[in-house]
Amino acid sequence: MKVRKRHPIWNWVIHTPWVLTVIGILCVIGFFTSGAGNPILQRWIVHRLEKATGGRVELRSISIQWFSMRATLKGLVIHGREPAGTQALFSVKEADAELQIDSFWGRKVSLTELVLKEPEVHIRVTKDGTTNVPTPPGVSNSKKSLQESSFRSAGAAGEHRKWVV
């Protein structure tokens, strides 16, 4: 009985999609680990912080160590509702964050360590009781105090140096 063999071109057709997929994944990994993708990540982080805080965010530079899951944000400034020409709501010279992936498929990440170098917080309260603390979009004004609503911790280790409040 004669065994029928496939034509050699079919071997290329069958294996090409998964080989191209593996090459594509390796190229994406190389792009981001080389630092070439940092501007894209910087824009994404600024967008997410603006969405989370409701204020305008500036970020001078970002450095990511992918294998140790650490990120360093330099020149982070969050502007609230303060008048132009005054100090921003929050600024930090350098913020070092360590992350931990809780669920890859569920896209859950935890902040395990946060080190702030020379953070400055400037909260302005006017005579009528309004502050320069922005309200994120979609969040109603609750009756919680500023401390209860702003300074919650999920058990992450943190360190700060030279606080200015």
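I looked up Phe31 first: its relative accessibility is 35%, so I put it down as partly exposed (buried is under 20% relative accessible area, exposed over 50%, partly exposed in between, with a 1.4 Å probe and protein chains only). A note on the source: this is a predicted model, where local features need pLDDT of at least 70 and side-chain atom pairs count only at pLDDT 80 or more, while totals for chains, interfaces and linings use all residues. Residues are numbered from 1 along each chain as its sequence is written, and side-chain values use heavy atoms, with hydrogens and water left out.

Next I searched the whole structure for aromatic pairs and got two. My cut-offs: rings of Phe, Tyr and Trp (its six-membered ring) pair if their centres lie within 6.5 Å; planes under 30 degrees apart are stacked, over 60 edge-to-face, and the rest tilted.

Phe32 is partly exposed too, at 23% relative accessible area. What does Phe32 form with Trp66? I find an aromatic pair, edge-to-face, with 6.5 Å centre to centre and 65° between the planes. Phe32 sits in helix 1 (residues 8-33) and Trp66 in the loop between strand 2 (61-65) and strand 3 (70-79), so this pair ties together parts that are 34 residues apart in sequence. Helices here (H or I, at least four residues) and strands (E, at least two) are DSSP runs, numbered from the N terminus. Trp66 comes out partly exposed, at 33% relative accessibility. I therefore wrote down one cluster linked by ring pairs: Phe31, Phe32 and Trp66.

**Helix 1**

Helix 1 has 26 residues, and I get 37 Å from its first C-alpha to its last, close to the 38 Å expected at 1.5 Å a residue (the expected span being 1.5 Å times one less than the number of residues). Where does helix 1 bend? I found a bend of about 40° at Thr16, with a proline, Pro17, following within four residues; the bend is the angle between axes fitted to the seven residues ending there and the seven starting there.

I also checked Thr33, which belongs to helix 1 and is partly exposed at 40% relative accessible area. A polar atom of its side chain lies 2.8 Å from the backbone oxygen of Ile29. Thr33 and Trp66 are 33 residues apart in sequence, yet I get 6.6 Å between their C-alpha atoms. After helix 1 comes Gly35, with a positive phi near 95°.

Gln65 is in strand 2 and partly exposed, at 32% relative accessible area. Its side chain joins that of Ser63 in a polar contact of 3.3 Å. For that term I use a pair of N or O atoms within 3.5 Å; within protein, one must be able to donate a hydrogen and the other to accept it, and residues adjacent in sequence count only if both atoms are side-chain atoms. Setting aside residues up to four places away in sequence, Gln65 touches Arg70, Ala71 and Thr72 (contact means heavy atoms within 4.5 Å).

Is Thr72 buried or exposed? Thr72 is buried, at 12% relative accessible area, and its place is in strand 3. Its side chain makes a polar contact of 2.9 Å with the side chain of Asp96. Beyond neighbours within four places in sequence, I list Thr72 contacts including Ser61, Ile62, Gln65, Glu94 and Asp96.

**Positive phi, not glycine**

Met69, in the loop between strand 2 and strand 3, has a positive phi of about 55° although it is not a glycine; Met69 is partly exposed at 25% relative accessibility. I noted Glu118 as well: its phi is near 55°, it is in strand 5 (residues 108-121), and it is partly exposed at 35% relative accessible area.

**Whole chain**

I count three helices and six strands, in the order α-α-β-β-β-β-β-α-β along the sequence. Of the 165 residues, 22% are buried. Among contacts with a separation of 6 or more, 48% are between residues 24 or more positions apart.
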